[in-house]
Structures are given as structure tokens and as C-alpha cells.
Amino acid sequence: MTSAPGLRLAVVGNAGSRRVLLFLEAVRAAGLPEARVVPWVDVLRGAAEFRPGETVRVDTPGEDPEVDRLLRGADDPTRVEGSRRWYERFTGALPGLAARVAGAGAALVDQPAETAVLFDKRLTHARLRTAGVRVPDSPTSGVDAPPVRGWADVRALMAGAGLRRVFVKLAHGSSASGVLAVETAGGGRVQATTSVERAPDGRLFNSLRVRRYRTEAEVGALVDALAPDGLHVERWVPKAALVGRAADLRVVVIDGRATHAVVRTSRSPMTNLHLGGARGDLEAVRAATGAAGGSLADALVVCERAAAAFPGTRCVGVDLLPSGGWRRFSVGEVNAFGDLLPGLTGLPGSGAEGRDTYAAQVAALVRTRTTGTSTS
């Protein structure tokens with residue numbers, strides 16, 4: 001890659017975190033000057049400094065106990081509770097961060113207002129639906145949606161929308177934190193599949209083991225405990241199968257083009273790789289979509305349309321849900337920090353061949369600097 005004259009990068013992140021290290025390595029590999037790390041703890045304490053002419057990338061505030069404590073007010077990073085406080089403090093810091101960047105004569109890569117939308121599943125869902133992107137039906141989508149104060153509200157919303165199987169998600173959660181796959185059946189039967197572990201004292205913890213709660217009392221207690229942080233409820237869309245396992249895709253879109261895709265498969269409703277999901281074969285997905293009368297290329301266009309709903313965010317990770325035997329695709333979520341896919345190189349024809357997600361983003365920044373355009 002030919003480096004862009006005068007391009008100096010700074011990343012707001014936590015030194016030593018996986019994402020920051022991968023980004024710094026991509027910057028070095030591109031032959032650019034070493035990127036400067038601006039710690040999130042400095043941002044939250046109002047002490048962050050930027051320099052004239054810098055291009056500033058904002059990365060996740062994760063993987064730092066002190067930053068997590070400042071955002072969530074909890075000392076244990078495995079605790080589920082506190083996502084509303086995390087969201088309020090995180091998004092509350094973004095306008096001040098943007099002002100400091102602008103005041104220093106630097107430039108932000110992404111628009112903070114869109115980051116705030118991307119970290120609220122209710123707002124993201126509504127924006128996608130307005131943009132004509134297929135999303136699972138939801139009674140909690142948008143700013144005018146009714147509040148979800150607990151299990152009784154979830155039950156009423158399900159009944160009103162004719163839903164028997166739903167995902168109940170923390171509105172501001174990530175990495176499947178606080179997600180419950182809820183099923184109801186005749187005779188008042190209720191069960192939920194989740195990675196949430198409830199301690200004897202009622203506190204909730206994220207676990208690496210997916211478990212089932214099989215009574216309405218147990219499920220209701222979980223939902224009641226999660227509700228103060230804000231909940232999003234959506235139809236549980238049965239995913240297509242790949243080699244006998246439920247499958248979906250995480251697709252990274254950079255500057256409007258789908259550049260990277262990983263298939264995630266699982267025997268549980270959650271396909272997250274840290275919860276026991278496994279990477280699947282993208283060529284098998286290509287074959288399955290073709291056999292169903294479609295194409296993988298058409299599926300990737302759905303992701304690009306979802307990313308286009310957030311034109312001020314140059315890179316997003318789109319969770320693509322195949323259903324109907326690989327004939328239909330909907331978007332489950334769009335993630336502001338959905339690019340942590342180590343070792344995955346770009347799709348053929350994407351312009352990111354041979355590059356991981358961070359190298360591809362650096363290449364896009366270089367392209368903007370040298371040509372004045374952010375399109376691939």
C-alpha cells in the first residue's frame with residue numbers, strides 16, 4: 001500500500017486491548033506513522049488531548065476494568081446489570097470528545113450521533129425498518145415504543161403481536177450479554193435459553209455456558225431483573241441450518257462495501273463464537289443460497305443496505321439472519337464495533353483481498369486521504 005502523505009492517526013481506545021493492538025499493527029504495516037493512543041479513561045475524565053491534523057478513530061471502551069467501572073459503576077466485568085448507565089455515560093462522553101477533536105483541528109472518522117443510535121437496539125431496529133431493510137418484527141422498535149418494565153409487559157407485548165417465540169435483549173447490550181431466547185407453549189409452559197447466570201442473591205452474571213431456564217417463575221425473575229436497564233423484544237426468526245446447526249453471518253461493511261464475512265454456527269439459538277459457536281464454511285453458504293435460487297452476493301447487498309442507513313459510520317458489523325432454507329435474509333443487529341475478526345481476510349472482489357478488517361479500514365482512510373473519496 002502506498003502511504004498517504006500527512007495522514008496521522010489517533011485511536012481513542014484502551015492501550016493493550018485486542019482491537020487497539022490490531023489497529024496499531026495495521027497502521028504500521030501500511031507504512032504510516034505510529035498511531036497515537038488516546039486512553040478512554042482520559043476521555044471520561046475530561047483530560048483527552050488531540051493534535052491538529054489528526055484523523056481520530058473511536059474504538060470500544062472495553063477490556064479495561066477502570067474504564068468499565070467508570071461507565072457501569074460496577075467492579076465485576078462479568079456482571080450483566082449496568083448497561084443503561086454504561087450507555088448514558090458512554091454516549092454522554094461523545095459530544096465532549098467531538099468538541100475536543102474539532103477544537104484541536106483534528107477530524108473524527110465517525111459521527112457520534114450515529115454511534116448513539118447503534119448502541120440502542122430499539123433505535124437501530126427502527127432506522128433499518130424505515131430504510132426498507134428486512135428486520136425481525138418487534139413491538140419495542142423506535143422512540144415511541146411502549147416501555148418494558150418487566151415480564152408482565154413482555155408477556156403482554158408477545159400476546160398483542162401474536163408472538164410465541166422471541167428474543168429479549170438488553171437495549172444497550174453487546175456480545176449476547178443479557179439475551180434470552182424465550183419460547184412459550186400451551187398450558188403456560190415457558191422456557192428461556194441464555195448465557196445469563198443468576199446468583200443466589202439475585203445478581204446476574206455473564207457466563208460462557210449457555211443454559212435453559214424451564215419455568216415461568218425463573219424466566220420472569222430474569223426479565224424483571226434485566227428490565228431496569230431497558231429491553232428490546234423481537235420475533236425469534238428460525239435460522240437456516242448448515243450441517244445440522246443453526247447459522248448466521250457477521251458481515252463487515254467498510255465504506256459501503258461488504259468486505260469480510262464469517263459464518264457462525266451453533267446448536268443453541270446464540271451463535272456467538274465465545275458462547276460455543278463455531279466458524280462455518282462460507283463456500284457452503286454460497287452453495288446453499290445458490291441452491292435456494294439466490295446468491296451470496298444478494299445476501300451481502302442486504303448488509304450494504306443496512307450499513308447505508310448509517311452513512312456517518314465508515315465501518316459496521318452486520319448480523320445477517322438467513323431463514324426459509326437460505327431463501328430470505330434479515331438483519332438482526334448492526335454493530336458499531338463489529339470488526340474483531342482476527343485472521344479473517346477480505347472477500348474476493350471486495351477490494352480487501354489479503355487484508356484483515358483493520359488493514360482494510362486503514363486502506364480506506366488512506367484512499368480517502370489520497371483521492372478525496374471514501375468509496376471502494
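**View A. The two sides of helix α9.** On one side of α9, Ala-287 and Ala-291 are exposed (over 50% relative accessible area; buried is under 20%, partly exposed in between; 1.4 Å probe, protein chains only). In α9 (residues 282–291), Leu-282, Val-285, Ala-288 and Thr-289 are buried. These four cover an arc of only 115 degrees around the axis, so they sit on the same side of α9. The arc is taken from the directions that run from the helix axis to the C-beta atoms. An α-helix has 3.6 residues a turn, so residues three or four places apart point the same way. Helices (H or I, at least four residues) and strands (E, at least two) are DSSP runs, numbered from the N terminus. The model is predicted: local features need pLDDT of at least 70, side-chain atom pairs count only at pLDDT 80 or more, and totals for chains, interfaces and linings use all residues. Residues are numbered from 1 along each chain as its sequence is written, and side-chain values use heavy atoms, without hydrogens and water.

**View B. Partners and ends of α9.** The buried residues of α9 pack against β10 (241–242), β11 (245–254), β12 (257–266), α10 (296–308) and β15 (328–335); contact means heavy atoms within 4.5 Å. At the helix start, a side-chain oxygen of Asp-281 comes to within 2.9 Å of the backbone nitrogen of Glu-283. Such a polar contact is a pair of N or O atoms within 3.5 Å; within protein, one must be able to donate a hydrogen and the other to accept it, and residues adjacent in sequence count only if both atoms are side-chain atoms. Gly-293 follows α9, with a positive phi near 95 degrees.

**View C. Leu-347 in its loop.** Leu-347 lies in the loop between β15 and α11 (357–371). Leu-347 counts as buried, at 8% relative accessibility. Its C-alpha atom is 5.4 Å from that of His-260, 87 residues apart along the chain. Residues up to four places away in sequence aside, Leu-347 touches Ala-258, Thr-259, His-260, Ala-261, Leu-282, Leu-300 and Glu-353.

**View D. Glu-54 in strand β3.** Glu-54 belongs to β3 (residues 54–58). At 3% relative accessibility, Glu-54 counts as buried. A polar atom of the Glu-54 side chain lies 3.0 Å from the backbone nitrogen of Arg-51. Beyond neighbours within four places in sequence, Glu-54 contacts Arg-8, Ala-10, Arg-36, Ala-106 and Ala-107.
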